[in-house]
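Hi,

Here is the model I said I would pass on.

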Amino acid sequence: MSNYDHYQSTVDQVYRAIMRKVAKPWHIEYLPSMEGSQQALKLVSPKGTICQRLTLPTSSAQQCWPNQSDVSQHITEFVVRGAARLAPLRQSAFRNNFPYWLETCLQQLHGLCDAKEKLVDMVSNARFPFPSQVNIEGNYLPCWVWNEDQGYMAVSVVDRRTGRFTGVRHIESQQLISQERWLGAQVIDSVEESIDTIDHYVNELIQSQKKTDFEEPSLADAISNPCAATLSPVASVALTMAVVAGFFITFKWLLGF
């Protein structure tokens with residue numbers, strides 16, 4: 001088995017394993033309206049994990065992502081398919097890209113279209129997306145490939161250091177490196193290692209969202225909006241102050257002041 005065949009086999013097994021974990025549909029939740037006719041929204045799993053974030057013109061959001069609706073299975077498959085193709089690769093640029101893939105890869109598709117039918121067609125094509133390298137002015141850069149149209153490929157370059165996506169650009173198909181040659185030169189992780197990689201980044205994502213959602217309120221927040229969530233930090237501060245005051249009173253008494 002060639003390295004390329006090993007990669008394809010690994011991806012297929014990882015994809016099936018991860019899809020079994022996300023059998024229940026995600027749903028769409030709108031965030032408070034933004035200025036400039038923009039709508040922020042999130043795709044949320046049944047467990048409450050935010051699986052994707054999008055910011056779109058309000059009209060596009062309402063057409064493509066109606067509030068409180070279930071997310072199409074094709075969308076879930078698209079995100080998981082990309083994660084499965086990403087996981088066996090050890091290149092630092094793609095590892096750095098993992099958190100952005102899990103939260104914002106769908107935002108890239110809206111750089112190509114805002115029509116729901118076109119979006120569904122794109123995510124339904126099992127050939128895409130896939131990680132690759134593109135030759136831009138003699139520099140071979142890591143990228144994601146989104147689709148092909150009339151001999152041109154839509155790609156987003158990945159910043160090697162941060163892992164962030166750049167804007168979508170259209171390039172001639174021959175600018176992409178041969179997938180078989182490129183993957184033949186990569187170190188490809190096993191199925192178990194690839195699944196562990198996905199689990200690691202998903203768990204990191206969940207923990208980062210918990211820190212954001214449950215950030216400890218300030219004392220001013222507690223005073224202006226007392227509730228069960230704010231009473232705990234207030235009680236903690238009060239107890240600390242009481243212990244310190246008690247220590248100094250006892251110390252003063254023992255010294256006879």
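To start you off: which residue in S6 does Asn-147 stand opposite? The residue is Ala-154. Before the rest, two words on provenance. This is a predicted model, with local features needing pLDDT of at least 70 and side-chain atom pairs counting only at pLDDT 80 or more, while totals for chains, interfaces and linings use all residues. Residues are numbered from 1 along each chain as its sequence is written, and side-chain values use heavy atoms, with hydrogens and water left out.

**The four-stranded sheet**

Helices (H or I, at least four residues) and strands (E, at least two) are DSSP runs, numbered from the N terminus. Two strands pair if DSSP finds at least two bridges between them. On that basis, four strands make an open antiparallel sheet, ordered S4-S5-S6-S7. Strand S4 (130–136) and strand S7 (165–172) are at the edges with a single partner strand each, so one side of each has no neighbour in the sheet. Neighbouring strands are turned against each other by 45° on average, direction ignored. Axes here are lines fitted to C-alpha atoms (for helices over the stretch in contact), and angles run from 0 to 180 degrees between N-to-C directions.

Helix H4 (residues 92–109) packs on this sheet and touches S4, S5, S6 and S7, its direction making about 30° with that of S5. Contact means heavy atoms within 4.5 Å.

S5 (residues 139–149) and S6 (residues 152–158) run antiparallel and are joined by six bridges. Besides the pair I opened with, Glu-148 has Met-153 in S6 as its bridge partner. The S5 and S6 hairpin has two residues between the strands, and Gln-150 there takes a positive phi near 55°.

On to S7: S6 pairs with it in the antiparallel sense over six bridges, and Ala-154 has His-170 as its bridge partner in S7. That hairpin has six residues between the strands, with Gly-163 in the turn at a positive phi of about 85°. Six of the seven residues of S6 are buried, so the rest of the structure largely encloses this strand. Buried means under 20% relative accessible area, exposed over 50%, and partly exposed in between (1.4 Å probe, protein chains only).

Strand S1 (residues 27–30) pairs with S2 in the antiparallel sense over four bridges, and Ile-28 has Leu-43 as its partner in S2. S2 is also joined to strand S3 (residues 50–57) by seven bridges, again antiparallel, with Gln-38 opposite Pro-57. Five residues lie between S2 and S3 in their hairpin, and Gly-48 in the turn has a positive phi of about 95°.

**Cores**

A nonpolar core is a set of buried Ala, Val, Leu, Ile, Met, Phe, Trp, Tyr and Cys residues joined through side-chain atoms within 4.5 Å. The largest has 52 residues, and Leu-43, Trp-65, Phe-78, Trp-101, Leu-106 and Trp-146 have the most contacts inside it. A second, separate core of 11 residues includes Phe-128, Val-134, Cys-143 and Val-157.

Thr-10 is in helix H1 (residues 3–21) and counts as buried because its relative accessibility is 1%. Leaving aside neighbours within four places in sequence, Thr-10 is in contact with residues including Pro-88, Ile-188 and Ser-194.

Cheers
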